Amino acid sequence: MATQKHSPAIKGAKVLMVGAGGIGCELLKTLALSGFQDIRIIDMDTIEVSNLNRQFLFRQSHVGQSKAKVARDAVLKFRPHISITSYHANVKDPDFNVDFFKQFNVVLNGLDNLDARRHVNRLCLAADVPLIESGTTGFLGQVTVHVKGITECYECQPKPAPKTYPVCTITSTPSKFVHCIVWAKELLFAKLFGDKSQANDLNARSGDGASSSEQAEDVFEHRKDEDIEQYGRRIYDHVFGYNIELALSNEETWKNRTRPKPIYSRDALPNDVSQQNGNVEKNGATTDPSSVSAMISLGLKNPQDVWSLMENSRIFLEALKLFFMKRGREIGNLTFDKDDQLAVEFVTAAANIRATAFGIPLHSPFEAKGIAGNIVHAVATTNAIIAGLIVIETVKVLQNDTKNYRMTYCLEHPTKKMLLMPVEPFEPNKSCYVCSETPLSLEINTSRAKLRDIVEKVVKNKLGMNSPLIMHGAALLYEVGDDLDEAMIKNYAANLDKVLSEFPSPVTSGTMLTIEDLQQELSCNINIKHREEFDEEKEPDGMVLSGWTPATSVVKDDKKSNANAGSTSSASELEADKNNEAETAPGKKRKLSEVSDADTSSVAGDTKSRGKLEVLDDDDDEVVMFDNWDSATNKKLRLQ
């Protein structure tokens with residue numbers, strides 16, 4: 001419970017929570033037990049069975065219901081006299097605008113994706129409301145404080161982007177199992193079961209010459225008079241046999257690489273198809289499509305077993321058959337979901353068959369699901385620790401106790417004999433385009449690139465704007481909004497397909513574009529620089545956005561001892577390694593200058609003065625994709 005000293009600040013506070021998942025459940029409980037009286041929660045998700053092992057406000061009977069509403073109802077049972085308002089909605093909805101945010105004393109984030117985090121950060125800056133960010137990944141966690149004009153905003157430092165791979169590597173020359181997973185999930189699964197109208201890079205590798213696209217369409221189309229077993233084998237032979245033979249025809253590609261071996265269904269399976277068929281009826285009369293399983297049909301039980309080529313081939317054909325027989329209505333609208341058992345089985349089998357062809361070690365369904373879903377399994381204790389730290393920082397913010405703000409990192413292994421590593425916040429980055437409005441620079445081929453490339457790859461994907469407006473001087477190039485008439489919508493849609501240098505006011509080297517998002521009340525400038533060529537491997541987008549420089553650290557002269565345990569300050573790169581331990585008296589506050597040499601010797605370049613753990617997500621099992629899953633699961637995680 002809150003102390004008498006903190007009580008007035010807590011009881012009078014109006015708090016907005018964004019996210020009611022793993023961190024959110026623990027946070028709402030802790031806020032209520034700490035004496036907070038007025039809390040609002042926003043969460044668009046519903047409760048799933050997989051949430052129940054760590055989101056303790058939910059029960060089996062709540063599956064399918066709103067997380068925000070059930071969390072509210074659960075807490076009101078033991079704190080009936082406080083006010084909790086729930087919103088089953090997306091925080092990016094127009095209703096949650098700057099005016100909505102202005103009514104709160106503090107905003108607490110427990111989100112699971114970068115896009116929503118950036119959106120909330122910008123609304124908090126526009127509304128001048130303090131934001132407390134948080135995230136967990138397994139045993140690792142963090143809590144950071146963001147106050148406009150005092151500390152850096154959430155976007156003052158670039159965040160790690162999910163790993164991407166060049167199309168040519170995925171489609172032609174995979175060398176890691178993750179490449180096979182991406183191929184199976186993003187290309188093959190999408191081609192067979194997803195939106196048929198969407199372009200797919202699998203097309204370009206499914207034939208040769210000018211007829212490649214046409215041939216690909218013929219291959220993947222299920223013919224009306226075709227038996228589903230024949231269709232499955234035809235797809236199998238095409239993607240694992242013919243396509244690999246086609247890739248082998250380019251001798252130059254394989255001069256310094258191990259040549260793959262095409263696999264056809266006749267090689268992987270006996271001729272007697274009926275002996276290999278699964279029992280579809282074993283799935284019973286299930287009403288839940290996501291519970292249909294090829295493993296059940298074939299009697300395979302242990303998801304941690306590594307399947308043989310024959311077993312993978314049987315699973316591949318059985319899963320494809322089950323999609324058409326049990327879930328036919330969904331075909332054409334499916335996207336991969338890590339909680340969809342049949343989708344995981346299909347992707348695992350397809351990835352393993354492709355891995356076999358390219359001489360890559362096979363993985364179990366459990367491992368494959370981890371890679372495909374970018375999963376690091378959640379730890380309930382970490383969520384509870386992080387929730388407690390959020391409340392501690394919330395009290396400091398409400399009391400305007402700026403000297404004691406801390407960014408705190410929860411570690412898996414002791415560092416400097418601590419599992420909780422507090423660090424003094426950093427000043428706003430003067431080069432941050434969000435809170436300091438510093439211009440960005442975009443290198444792009446203005447003679448080839450279209451406005452659509454800037455809108456999709458930069459404005460929406462990298463800058464995270466939802467309702468962008470793009471101007472070149474006084475000329476309005478692009479805008480979205482509900483108040484546009486039909487003629488304006490058509491005009492802006494046409495502009496998307498115009499080459500940058502061919503606009504009436506050409507966008508060329510030296511052009512300054514102004515980008516605004518009225519919902520987020522954010523504006524930034526982008527300086528265009530023409531560049532002819534880009535490295536397909538290192539710069540797959542065909543453009544380079546830059547403008548980040550390291551933030552300056554806050555160096556304080558306060559040498560007084562601080563009685564608050566855990567207030568040790570460090571700007572070092574944190575690493576879970578006993579070899580890096582340093583003796584520090586508990587409770588003693590150190591200046592950044594005192595630790596920079598001792599703690600940052602292994603940090604390269606300009607980042608040496610501000611090592612930081614970046615946890616992108618809350619505990620909903622979503623993290624960036626690992627380059628090497630095996631090493632990631634067997635080694636200590638390095639804190640970036």
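Q: What makes the crossing of H7 and H13 right-handed or left-handed?
A: H7 passes H13 in a right-handed crossing. The term is used because the near helix is turned clockwise from the far one. This is a predicted model. In it, helix H7 covers residues 177-193 and helix H13 residues 309-326, and they pack at an angle of about 35 degrees with their axes 12 Å apart.

Q: How do you know which residues of H7 and H13 meet?
A: Contact means heavy atoms within 4.5 Å. By that cut-off, Leu188, Phe189, Leu192 and Phe193 in H7 meet Phe316, Leu320, Phe323 and Phe324 in H13. The residues of this contact divide into eight nonpolar, no polar and no charged. Leu and Phe are counted as nonpolar.

Q: Why is strand E1 called mostly covered?
A: Buried means under 20% relative accessible area. In E1, residues 14-18, five of five residues are buried, so the strand is described as mostly covered.

Q: Which way do the residues of E1 point?
A: Lys14, Leu16 and Val18 point one way, while Val15 and Met17 point the other way, and all are buried. In a regular strand the side chains alternate between the two faces of the sheet.

Q: How do you know that E1 pairs with E2 and with E4?
A: Two strands pair if at least two bridges are found between them. Five bridges join E1 to E2, residues 38-42, and these strands run parallel. E1 and E4, residues 106-109, have four bridges, also in the parallel sense. Both pairs therefore meet the definition. On the E2 side, the bridge partner of Lys14 is Asp38. On the E4 side, Val15 has Val106 as its bridge partner, and Leu16 stands opposite Val107.

Q: What makes E1, H2 and E2 a right-handed unit?
A: E1, helix H2 (residues 22-33) and E2 make a right-handed β-α-β unit. The word applies because, with the strands pointing away from the viewer, the path from the first strand over the helix to the second runs clockwise.

Q: Why are E3 and E8 called edge strands?
A: The open sheet has eight strands in the order E3-E2-E1-E4-E5-E6-E7-E8, with mixed pairing. Strand E3 (83-87) and strand E8 (418-423) each pair on one side only, and they are the edge strands. Neighbouring strands of this sheet are turned by 20 degrees against each other on average, direction ignored.

Technical notes
Residues are numbered from 1 along each chain as its sequence is written. This is a predicted model: local features need pLDDT of at least 70, side-chain atom pairs count only at pLDDT 80 or more; totals for chains, interfaces and linings use all residues. Side-chain values use heavy atoms; hydrogens and water are left out. Buried means under 20% relative accessible area, exposed over 50%, partly exposed in between (1.4 Å probe, protein chains only). Helices (H or I, at least four residues) and strands (E, at least two) are DSSP runs, numbered from the N terminus. Axes are lines fitted to C-alpha atoms, for helices over the stretch in contact, and angles run from 0 to 180 degrees between N-to-C directions.
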